[in-house]
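Subject: Structure for your files

Hello,

The structure is placed below, with my notes after it. Please read the two together.

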Amino acid sequence: MNPWMHYLLWPCIKFAIAITIVLTVVAGMTWIERRLLGLMQARLGPNRVGPQGLFQIIADPIKLLMKEDIMPSAAEKVVYVLGPMIPLLPAFLVFCLIPFGPPPAFAVTRVNVGLLLIVALTSTSVYGIILGGWASNNKYSLMGGLRSAAQMVSYEVPFGLSIVGVLMLCGSFDLVKIIEYQERHVWNLFPQLVAAFIFFVSMNAESNRTPFDLPEAESELVAGYHTEYSGMKFAFYMLSEYASMLVNSCLMTSLFLGGWTLSVGGYGVTTAALRSMGLLGGVIGAAIFFGKVMTLMLVYVWFRATFPRFRFDQLMDLGWKWMIPLALANIFVTGILILAAGTLKIGADTYWYGELALSIVGAAVLAFTLFLITRGRPAATVAARPTEPPKVIHASRVSEA
Amino acid sequence: MSTLTRYSAIPYTGPAPTNRAPYVPKNAEPANARGEAIATTLGNAAMTQERGQDMPTFLVERARIADVLRNLAENPDLAFILPLDCFGTDYPDREERFDVVYQLYSLKNNERIRLKVRVGENDTVPTSTGVFKSFDWFEREVFDMFGVRFEGHPNMRRILCHEAFQGHALRKDYDPAQRWILTEQNVARIIPKIDPRFATEDTDFERVTLNLGPSHPATHGTLRIVVTLDGEKIIGADAEIGYLHRCFEKMSETHTYQQVIPYTDRLNYCSAIINNVGYALAVEKLLGIEAPARAQQVRLMLSEFWRIADHIVCISANLVDIGALTNYWYLMQPREEIIGLTEACSGARLLPSYVRVGGLAVDVPSNFLEQAQRLVDMLPRYIDDVEKLIWKNRIFRERVQGVAVISKEDAINFGFTGPCLRACGVPYDVRKASPYIGYETYDWDVPIAEGGDTYARFLVRFEEMRQSLRILQQAIDRGLPAGPVIVDNPYVALPPKSKVYNEMESLIYHFKLIMHGIQPPVGETYFQVEGGNGELGFYVVSDGTKNPYRVRVRPPCFPLFEAFGQMITGQTIPDAIGALGSLNIIAGELDH
Amino acid sequence: MTHTFVPILLMLLFAVVVAGTILGLNSVIGRHQRNPSKLAPYESGVPLLDQNRKRMNVRFYQIAMLFILFDIEAAFLYPWAVIYRGASHGPSGLFLFTEMLLFIALLGVGYVYVWKKKAFDWK
């Protein structure tokens with residue numbers, strides 16, 4: 001085949017398809033989130049434009065496009081414009097690297113250090129936020145930007161560390177190989193339960209979603225880092241937030257939920273089975289993949305409807321004092337079990353014992369950690385506190401008490 | 001639905017409240033006697049008792065007012081430790097034209113006292129901020145409104161009016177028709193004082209002074225808090241109010257007694273009915289009349305419903321402030337139903353103006369009790385659900401426990417009332433302390449919590465909603481008494497239209513009442529009700545004409561917000577926002 | 001293998017072009033009604049009380065430094081993690097494990113030190 005055809009045209013087509021899917025999902029997600037939040041919060045959500053308010057997806061960008069493009073007089077002009085673009089680029093670039101279905105047809109490109117590249121790209125999005133916050137020349141923006149930077153770098157560490165366990169099991173940076181490993185064994189979610197938990201919490205924090213939405217905490221910092229942004233620039237920030245949610249969900253699906261496959265121990269909907277069905281198989285694989293991704297996205301929305309927001313010091317506590325030791329412990333335990341399996345010459349065919357042991361240990365550790373985290377600590381500064389329900393006194397005469 | 005027959009030819013024969021006889025409250029005699037006892041206990045020569053008042057009232061020598069206040073507070077037998085109010089009144093014909101009125105409350109004896117100081121135009125009054133921290137803002141308000149200067153006051157500047165405003169609005173010779181154009185150019189720069197706990201030398205240029213409000217999503221209205229931050233920590237805070245100042249008190253002086261009622265709606269717009277009730281009861285006390293039993297019970301039931309609605313707004317908005325979004329819409333549903341019930345009664349939703357002096361505007365719909373029962377049945381589920389959603393949540397608990405603590409002593413000294421005071425462990429509730437419209441006949445408890453933090457305020461509000469439901473259930477079980485909903489007194493209430501069209505007498509009464517309004521006897525009185533967030537008091541002075549001579553509202557938010565700066569110092573911004581929500585500052589009431 | 005990176009480059013170009021176009025379009029077709037108040041920095045609708053850019057709190061830099069330390073640690077762990085399973089069957093398995101144990105232990109000491117120094121405490 002013509003190399004140009006192979007390296008340029010074909011990726012371009014796949015890329016066009018991929019970006020269409022991504023934009024559709026992102027735009028659709030805004031609608032789904034609003035409707036779903038409405039459902040959870042006993043209200044309707046957008047339901048005026050088109051059937052079930054579906055055309056809101058189109059109406060919103062058009063409205064934002066027509067909005068006034070405000071450039072605050074005190075802003076740093078260049079940085080101010082660059083700010084919203086920076087987080088958008090990595091969010092979209094990453095989609096080149098994620099295999100949505102059985103390769104090669106359903107991945108735009110396949111890089112042997114794919115995971116490394118993805119992690120590197122996603123972590124650049126913090127620059128956009130902090131630069132935008134700084135360039136706005138506004139105190140709320142600056143504080144939002146700083147909070148955001150501190151939060152994102154803090155959770156970048158457990159995010160990176162939680163992947164290590166997966167790498168140890170699968171032995172590759174290539175997402176396709178990681179997924180293929182899972183279809184031969186079991187979803188990494190089980191042997192790497194702790195890592196999956198850390199990954200999930202960190203990805204919530206990375207995409208600034210409730211309960212980690214401090215950078216844009218609207219009740220405290222007005223709108224956080226994008227207070228001074230309007231029109232399309234504001235839309236870019238929103239878009240990149242949703243894109244990063246999508247990226248993280250895709251990553252979670254690939255790393256822990258078996259990607260486009262639905263199989264345990266090589267039985268079920270495997271890559272080989274999908275390949276044998278040709279293009280249809282690929283579409284089915286992609287559907288499975290996006291099904292998992294959408295489930296995770298809905299969990300994001302669910303979280304948003306449920307949790308109060310952290311305070312900044314609590315957020316840092318959780319990241320540095322809980323997540324990092326937990327991630328290191330996970331690596332350690334995984335290392336021991338792999339070593340034990342290797343030394344005892346339990347071969348690759350009896351991997352089940354190892355995975356089972358990891359699952360059990362992981363579940364135990366996670367349960368214990370969750371117990372510790374959710375256990376309500378009585379606040380130290382208040383001496384006497386009634387247990388709920390509050391103490392009721394029968395104050396028929398006030399002067400008695 | 002009046003019970004007066006359609007063609008009754010019998011004219012009204014009851015007493016006519018007129019401006020001829022001066023007003024003497026029912027309990028004037030015991031108040032006078034108690035006043036003598038207080039004067040004896042205190043042994044203070046500076047006080048002259050003013051007789052015939054609704055509470056022990058003294059004229060105090062100007063120079064010694066601070067000492068008298070201190071003696072009253074520190075005397076263990078009297079213990080007037082809760083400062084309720086400090087306001088002015090203007091009598092331009094007098095030589096010393098201003099009265100500065102102080103009202104205190106004794107938690108120990110459950111009694112009130114009123115002190116008056118006469119001030120001339122060029123005189124100063126010694127400040128009493130050293131005795132009661134609460135009077136810092138109250139004295140500023142007196143200065144703002146009357147131009148009375150307080151000697152030794154730490155921050156003697158305007159509080160409700162704009163910096164560049166000229167004149168003093170509540171003086172009788174101030175022309176209320178004037179217009180001012182006041183821009184942001186002349187606003188003073190507020191730089192909060194750094195709390196001594198955090199004062200160090202070399203970190204000075206890492207500090208940021210930041211405005212939170214007036215136009216900020218967390219302030220739920222137009223408040224302004226200026227904070228100085230060190231990183232995320234607030235090391236100095238100052239509050240600025242008056243952005244929603246609507247001259248309630250001045251407007252009241254230019255309207256008739258009934259016309260004031262819609263303005264009272266706009267004070268605490270989250271529980272407008274309670275304001276209506278409080279004002280109407282104050283004027284009724286002045287008139288010496290009492291609304292019919294049916295009206296009283298409807299007033300009580302609607303007050304309790306709106307207390308629940310008020311707490312709902314407070315709790316849900318507070319939860320939004322700390323990021324728990326869902327509770328807001330969830331709790332808004334029962335509130336919507338409460339509004340619906342009010343709409344069924346009055347036709348208006350949020351600001352019903354339903355209560356009239358002497359009763360209610362119209363009778364309640366025939367299915368009022370069924371609707372109320374339905375609400376009482378549905379409310380506990382919502383309250384329980386929200387409690388379940390947040391109570392066990394570690395994030396929530398960490399966000400509210402031990403946050404924005406105010407000690408019991410400070411709370412009393414700042415004049416806290418209502419849920420915020422009860423969250424410090426003081427069981428003071430006007431409905432128990434001096435029951436009105438029949439609260440004493442119901443079986444219910446005053447919830448208190450220890451700690452005085454945001455969490456305690458949550459606890460108290462949740463429990464108060466349950467107690468209100470208890471009262472409501474009892475009220476529903478009793479059923480509404482039959483009878484009219486407004487007094488059968490043509491000097492106060494308009495005769496029904498059917499009679500106006502058919503009877504000469506009624507037509508004359510109607511005309512007289514429309515043209516000349518209600519004319520209470522000359523005198524002054526104070527009446528307090530338990531508002532959504534504390535003691536809501538109305539002080540009404542009548543000069544015998546159709547317009548009130550002076551209406552003073554004691555807004556419960558005012559001292560709460562005054563203490564806010566102290567409460568949040570040392571906390572972080574998110575905690576400050578959470579605490580602000582838990583105090584339930586309603587700008588309409590705060591800025592009256 | 002560099003050719004597999006070509007699509008990424010393409011996508012980068014595409015994203016830059018699209019983003020630039022949309023921003024340009026917005027500034028062209030958006031409304032233009034500006035006044036000094038609108039363009040002033042927003043601070044709850046009242047004039048500023050303080051400079052907007054002051055020296056930031058040093059703790060933010062602290063976090064950044066800690067981040068670099070620990071993130072590099074994670075980056076060092078990656079290549080090790082990839083080869084670890086394959087080698088664990090062979091004779092060097094225990095060696096690899098001990099190596100990493102030492103590495104993590106060293107970092108652990110640093111971690112405990114930083115914790116004791118209250119670098120993680122924001123109160």
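Val226(B) stands opposite Asp238(B) in β10(B). The strands concerned are β9 (residues 224–230) and β10 (residues 233–240) of chain B, which pair in the antiparallel sense over seven bridges; strands pair if DSSP finds at least two bridges between them. β9(B) and β10(B) form a hairpin with two residues between them, and Gly231(B) in the turn has a positive phi of about 70 degrees. Helices (H or I, at least four residues) and strands (E, at least two) are DSSP runs, numbered from the N terminus.

This is a predicted model, in which local features need pLDDT of at least 70, side-chain atom pairs count only at pLDDT 80 or more, and totals for chains, interfaces and linings use all residues. Residues are numbered from 1 along each chain as its sequence is written, while chains are lettered from A and ligands numbered from 1 in the order in which they are written.

Chain A

Chain A has 14 helices and three strands. Of its 401 residues, 54% are buried. A residue is buried if 20 or more other C-beta atoms lie within 10 Å of its own, exposed if 12 or fewer, and partly exposed in between, with C-beta atoms placed from the backbone. Among contacts in chain A between residues at least 6 apart in sequence, 77% join residues at least 24 apart; two residues are in contact if their C-beta atoms, placed from the backbone, lie within 7 Å.

The domain assignment of chain A gives domain 1 (1–66) and domain 2 (71–374), with bounds that come from an automatic or database domain assignment. Taken over C-alpha atoms, the centres of these two domains of chain A are separated by 21 Å. Between them, 18 residues of domain 1 of chain A are in contact with 18 residues of domain 2 of chain A. On the side of domain 1 that touches domain 2, α1 (3–40) and α2 (56–66) of chain A each supply at least two residues, and α1(A) gives the most, with 14 residues. By class, that side divides into 14 nonpolar, two polar and two charged residues. Here Ala, Val, Leu, Ile, Met, Phe, Trp, Tyr, Cys and Pro count as nonpolar, Asp, Glu, Lys and Arg as charged, and the others, Gly among them, as polar.

Core

The largest nonpolar core has 327 residues, and those with the most contacts inside it are Leu246(A), Phe561(B) and Ile585(B). Helix α6 (residues 139–170) of chain A gives the most to this core, with 19 residues. A nonpolar core is a set of buried Ala, Val, Leu, Ile, Met, Phe, Trp, Tyr and Cys residues joined through C-beta atoms within 7 Å. Leaving aside neighbours within four places in sequence, the contacts of Ile585(B) include Leu223(B), Cys557(B) and Phe561(B).

Chain C

In chain C, 56 residues are in contact with 67 residues of chain A. The side of chain C that touches chain A has 37 nonpolar, 12 polar and seven charged residues. The domain assignment of chain C gives domain 1 (2–45) and domain 2 (58–116), and the C-alpha centres of these domains of chain C lie 40 Å apart. In α4(C), the residues Gly93(C), Phe97(C), Met100(C) and Tyr111(C) are buried. Just after α4(C), Lys118(C) takes a positive phi of about 60 degrees.

Regards
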